[in-house]
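Dear colleague,

Here is the structure I promised to pass on. My notes follow below it.

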Amino acid sequence: MKILTVIVSYNALRWDLRCIECLRSSEVATDVLVVDNASSDGSPEAIRKRFPEVRLIESRENLGFGAANNIGLRIAVEEDYDFVYLLNQDAWIEPDTLRLLLNRAGGGFDLLSPVQRSRNGELDPNFRRKCSRALRGRKEGCAEVNFVMAAHWLLSRKAILSVGGFSPAFRQYGEDDNYIDRLHFHGLRAAVVCEASAIHDRAERRCTKEQKMRLKCISVPVQISDPGNCLAASIALQPLRLLAMAVKNASCVPLRYLWEMKKALPGLVELRKESEKKGAFL
């Protein structure tokens with residue numbers, strides 16, 4: 001069984017070494033590919049020096065999360081890997097994480113995630129909000145979810161060949177929402193493996209009020225880009241959603257985003273059509 005772990009790196013020297021080091025302790029061996037998005041903090045040099053076994057691809061520009069991961073997904077298809085593990089640069093696995101995930105692979109789910117925890121051991125806040133209801137009262141087995149963050153994803157070859165790569169519509173944030181929407185469009189399912197655990201270390205991140213508001217606005221292109229939704233209804237309803245966000249939060253950010261969406265809409269529609277194809281964006 002061949003497994004490729006793909007890590008997208010950008011100025012992540014404080015995380016990268018621990019992120020990669022954890023893979024050396026994994027009970028299941030995995031090849032490692034780091035796609036670096038033109039870092040300037042010396043992380044590529046540090047990775048080459050400390051981890052000579054890691055395949056390192058250095059981009060001349062910051063491609064964004066999705067496009068950089070697509071490089072790894074293409075390599076996995078071309079080189080006949082059975083699974084790809086997408087691992088955030090600010091995340092790490094436990095020694096048994098991959099083994100526990102692989103034990104549940106092939107049970108009708110083609111995207112699996114461990115329980116995602118913060119550095120202090122508590123549930124990651126976003127994971128708790130999105131997934132805790134599905135896990136309630138369960139300590140083992142697979143809990144099917146409608147969404148789980150891409151900080152820790154085990155993708156089967158079937159999923160990659162069916163869904164393809166991340167959509168260029170989303171450079172940063174929203175790409176994992178869209179990927180799972182397309183996973184469901186192709187009749188595949190996602191789940192959290194309750195007995196598996198891993199860390200997502202983002203405690204030091206701080207967002208301004210405007211940044212938080214923009215993150216909420218990303219739900220609009222996500223809805224429009226979902227091939228499982230009625231396109232006409234999505235286009236008609238999303239401006240109303242943005243107006244409601246503006247009123248509810250007393251913010252002009254959704255109104256500015258509405259103008260951006262008007263200009264981006266033709267491209268979103270084309271990318272949505274492309275995303276319906278098997279192996280899209282690879």
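**Contacts and overall form**

Of the contacts in the chain with a separation of 6 or more, 77% are between residues 24 or more positions apart; contact means heavy atoms within 4.5 Å. This is a predicted model, in which local features need pLDDT of at least 70 and side-chain atom pairs count only at pLDDT 80 or more, while totals for chains, interfaces and linings use all residues. Residues are numbered from 1 along each chain as its sequence is written, and side-chain values use heavy atoms, with hydrogens and water left out.

The chain has eleven helices and nine strands (DSSP runs, numbered from the N terminus: H or I of at least four residues for helices, E of at least two for strands). Its radius of gyration is 19 Å, close to the 19 Å from the globule rule for 282 residues, so the chain is as compact as a globular protein of that length. The radius is taken over C-alpha atoms, and the rule is 2.2 Å times the number of residues to the power 0.38.

**Cores**

Buried residues make up 51% of the 282 (buried means under 20% relative accessible area, with a 1.4 Å probe and protein chains only). The largest nonpolar core has 38 residues, of which Val148, Trp153 and Leu155 touch the most other members. Such a core is a set of buried Ala, Val, Leu, Ile, Met, Phe, Trp, Tyr and Cys residues joined through side-chain atoms within 4.5 Å. Helix H3 (residues 65–78) gives the most to this core, with six residues. A second, separate core of 32 residues includes Leu23, Val32, Tyr85 and Leu98.

Regards

Methods: Buried means under 20% relative accessible area, exposed over 50%, partly exposed in between (1.4 Å probe, protein chains only).
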